[in-house]
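Welcome, and please open the model in your viewer.

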Amino acid sequence: MFVHGYTGDGGNWNTMAARFANDGWPSTHLDQWPYDWRQSNAVTAQQLAAEVDRLLAATGATKVDIVSHSMGGLSSRYCLKNLGGTSEVDAWVSLGGPNHGTDSANSCFDTSCTEMRVGYSFLGALNSGDESPG
């Protein structure tokens with residue numbers, strides 16, 4: 001399962017998904033999941049949890065792997081940490097996730113983006129305790 005970042009969409013993963021397909025992964029197992037990047041990362045995490053359940057049912061797998069980019073790392077990590085995702089996710093990869101915030105988020109005002117600001121309460125809660133559950 002591929003989770004894009006801020007202002008992205010599932011198509012951001014076309015090249016990587018094609019490489020996985022070339023390596024023998026079935027297309028049914030390469031979910032380039034789109035979501036509304038403007039909403040809270042906590043809301044996205046709930047939707048991601050539902051998509052994981054859908055993907056497991058569709059493929060018959062018992063666990064999924066998640067590859068995330070940038071802000072997608074926050075919502076997917078929230079899913080793992082707060083929504084029981086560790087029981088359904090085998091491997092989680094974050095490429096350039098702003099896990100401790102980014103100063104570039106100071107110039108945007110979407111809910112999801114403000115949650116990426118250094119010192120923002122969303123990140124404080126996400127980083128409390130075990131930062132990499134599972």
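The tour below goes from stop to stop, with something to select at each one.

**Before you start**

This is a predicted model, in which local features need pLDDT of at least 70 and side-chain atom pairs count only at pLDDT 80 or more, while totals for chains, interfaces and linings use all residues. Residues are numbered from 1 along each chain as its sequence is written, and side-chain values use heavy atoms, with hydrogens and water left out.

**Stop 1: the disulfide**

Select cysteine 108 and cysteine 113, which are joined by a disulfide with an S to S distance of 1.5 Å. A disulfide here is a pair of cysteine sulfur atoms within 2.5 Å, and a search of the whole structure finds 1. The torsion about the S-S bond of cysteine 108 and cysteine 113 is about -75 degrees, so this disulfide is left-handed. Are the two cysteines buried or exposed? Both cysteine 108 and cysteine 113 are buried. Buried means under 20% relative accessible area, exposed over 50%, and partly exposed in between, with a 1.4 Å probe and protein chains only.

**Stop 2: helix H3**

Next, colour helix H3 (72-82). Helices (H or I, at least four residues) and strands (E, at least two) are DSSP runs, numbered from the N terminus. In H3, 8 of the 11 residues are buried, so the helix is largely enclosed by the rest of the structure. Among the buried ones are Gly72, Leu74, Arg77 and Leu80. Cysteine 79 is buried too, with a relative accessible area of 3%. What do the buried residues of H3 pack against? Show E1, H2, E3, strand E4 (89-95) and H5 to see these partners; contact means heavy atoms within 4.5 Å.

Serine 70 lies in the loop between strand E3 (64-69) and H3, and has a positive phi of about 50 degrees although it is not a glycine. Just after H3, glycine 84 takes a positive phi of about 75 degrees. Most residues other than glycine have a negative phi. Threonine 7 is another stop of this kind, with a positive phi of about 65 degrees although it is not a glycine. Find threonine 7 in the loop between strand E1 (2-3) and helix H1 (14-22).

**Stop 3: the nonpolar cores**

Show the side chains of Met1, Val3, Leu48, Val52, Val64 and Ile66, which touch the most other members of the largest nonpolar core, a set of 26 residues. A nonpolar core is a set of buried Ala, Val, Leu, Ile, Met, Phe, Trp, Tyr and Cys residues joined through side-chain atoms within 4.5 Å. The elements that give two or more residues to this core are H2, E3, H3 and helix H5 (121-127). The largest share, 7 residues, comes from H2. Centre on valine 52: leaving aside residues up to four places away in sequence, it touches Met1, Val64, Ile66 and Glu88. Apart from this core lies another, of 5 residues, including Trp13, Ala17, Leu30 and Val67.

**Stop 4: the largest pocket**

Which element gives the most to the lining? E3 does, with 3 residues.

**Stop 5: two last residues**

Select serine 40, in the loop between strand E2 (32-33) and H2. Serine 40 is buried, with a relative accessible area of 17%, and touches Thr111 and Glu115, not counting residues up to four places away in sequence. Finish at threonine 59 in helix H2, which at 24% relative accessibility counts as partly exposed. Threonine 59 touches Thr28 and His29, again not counting residues up to four places away in sequence.
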